[in-house]
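Hi,

Here is the structure I said I would pass on. Have a look, and my notes follow below.

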Amino acid sequence: MSKPAVNAVLAELRERIGQLEGGAARTRSVLPFAVPEMDRALPGGGLAFGALHEVAGGGGGTVDGAAAALFVAGIAARTRGKVLWCMTRPDLFFPAISQAGLHPDRVVWCESDKEEEVLSAMEEGLSFGGLSAVVGELVRLPMNASRRLQLAAEKTGGIGIVLRRWRRQAEASDYGQPTASTTRWRISTLPSERLPVAGVGRARWLVELMRVKAGECAEFEIGAPDAKGRICLLPVSVDRPDQAPRLRRLAG
C-alpha cells in the first residue's frame with residue numbers, strides 16, 4: 001500500500017475514533033437520583049444522558065405497572081425542558097403523573113395504536129435534540145430497534161426511557177431478552193410507609209436495578225417520587241431481613 005493510501009486510512013480511522021469519543025463524552029453527563037446508595041451503583045453517579053433505559057413493573061398487574069410509570073415520571077420531572085411521552089393506550093392518570101413532579105404543560109403526548117409508530121416517534125424525538133427526555137410505552141423492544149434508539153440518544157445527548165407494559169402475563173418474559181439499553185429497572189409495590197397515626201403513608205416500592213453497563217446490579221426500597229420527582233430510601237420492611245442493597249458485579 002502506498003504512503004498516501006496509508007495516510008488516508010489513518011485519517012479515516014482517526015475521524016471514526018473521534019466520533020466515538022465524542023459520543024462517549026456526551027454519555028458521561030448523568031442525572032443523579034440524589035440517593036447515595038443508588039447513585040453509587042451507577043457509573044458516573046447517576047442515570048446517564050445520551051443513553052436508553054428500560055423500566056417495567058415487577059409483575060403483569062396494573063398496580064406494579066402504574067408504579068413503573070410514576071418512577072419514569074419522577075425521572076423525567078428532574079430533567080429540564082419538554083418531555084415527549086409516546087403511548088399506545090390512553091390510560092395514564094395525569095394527576096398522579098403531576099404529583100410525581102411531571103406537570104402536563106411540560107409533556108408532549110404522542111398516541112398510536114401501533115408499537116412500530118411509537119418506536120419511530122421515539123427515534124425522531126431523540127434525534128431532534130430539543131427534548132430533555134423521550135418516553136415510549138412498549139410491550140417488546142427488539143435488539144435492532146433498541147440500538148437505533150441508543151444511537152439517537154448518543155447523538156443528541158438526550159435521555160430515552162422505554163416503559164415496558166404487558167397486556168398479558170406471558171409477555172413479561174420478553175423483558176429478559178437482550179437489548180442495547182444502558183440500564184434495566186423493575187419496580188414492584190410494597191406496603192406503604194407506616195405512620196405513627198392512622199392513615200396511609202408514602203407509597204413504598206422495591207426498585208431492582210437488573211442490568212447496568214459497567215456497573216452494579218442492586219435493589220432498594222424507596223419512597224415514591226414527591227412533587228419535585230425526588231425519591232428517598234426507606235427503612236426495610238419487616239418481612240425483608242436486610243436493608244443493605246445487594247450488589248453483584250457485572251462482567252462488562
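Which helix gives the most to the lining of the largest pocket? H3 does, with 6 residues. Before the rest, some ground rules: this is a predicted model, where local features need pLDDT of at least 70, side-chain atom pairs count only at pLDDT 80 or more, and totals for chains, interfaces and linings use all residues. Residues are numbered from 1 along each chain as its sequence is written, and side-chain values use heavy atoms, with hydrogens and water left out.

Back to the pocket. Its volume is about 330 Å³. Of the 20 lining residues, Thr62, Gly65, Ala66, Asp91 and Arg165 are the closest to the centre. Helices H3 (62-77) and H4 (94-99) each supply at least two residues of the lining. By class, the lining has 8 nonpolar, 6 polar and 6 charged residues.

Then there is a helix pair. The axes of H5 (residues 115-128) and H6 (residues 143-156) come within 7 Å and cross at roughly 20°, which means H5 is roughly parallel to H6 (angles under 35 degrees count as such). The crossing is left-handed (the near helix is turned anticlockwise from the far one by less than a right angle). On the H5 side, Leu119, Met122, Glu123, Leu126, Ser127 and Phe128 meet Ala145, Arg148, Leu149, Ala152, Ala153 and Thr156 of H6 (contact is heavy atoms within 4.5 Å). That contact has 8 nonpolar, 2 polar and 2 charged residues.

Terms, quickly: helices are DSSP runs (H or I) of at least four residues, numbered from the N terminus. Axes are lines fitted to C-alpha atoms over the stretch in contact, with angles from 0 to 180 degrees between N-to-C directions. A pocket is an open set of points on a 1 Å grid over the protein atoms alone where a 1.4 Å probe fits, with protein on both sides within 12 Å along at least five of seven lines; lining residues have an atom within 4 Å of a point. Volume is the space filled by probe spheres set on the points. Ala, Val, Leu, Ile, Met, Phe, Trp, Tyr, Cys and Pro count as nonpolar, Asp, Glu, Lys and Arg as charged, and the others as polar.

Cheers

Note on methods. Angles under 35 degrees count as roughly parallel, over 145 as roughly antiparallel, 65 to 115 as roughly perpendicular and the rest as oblique.
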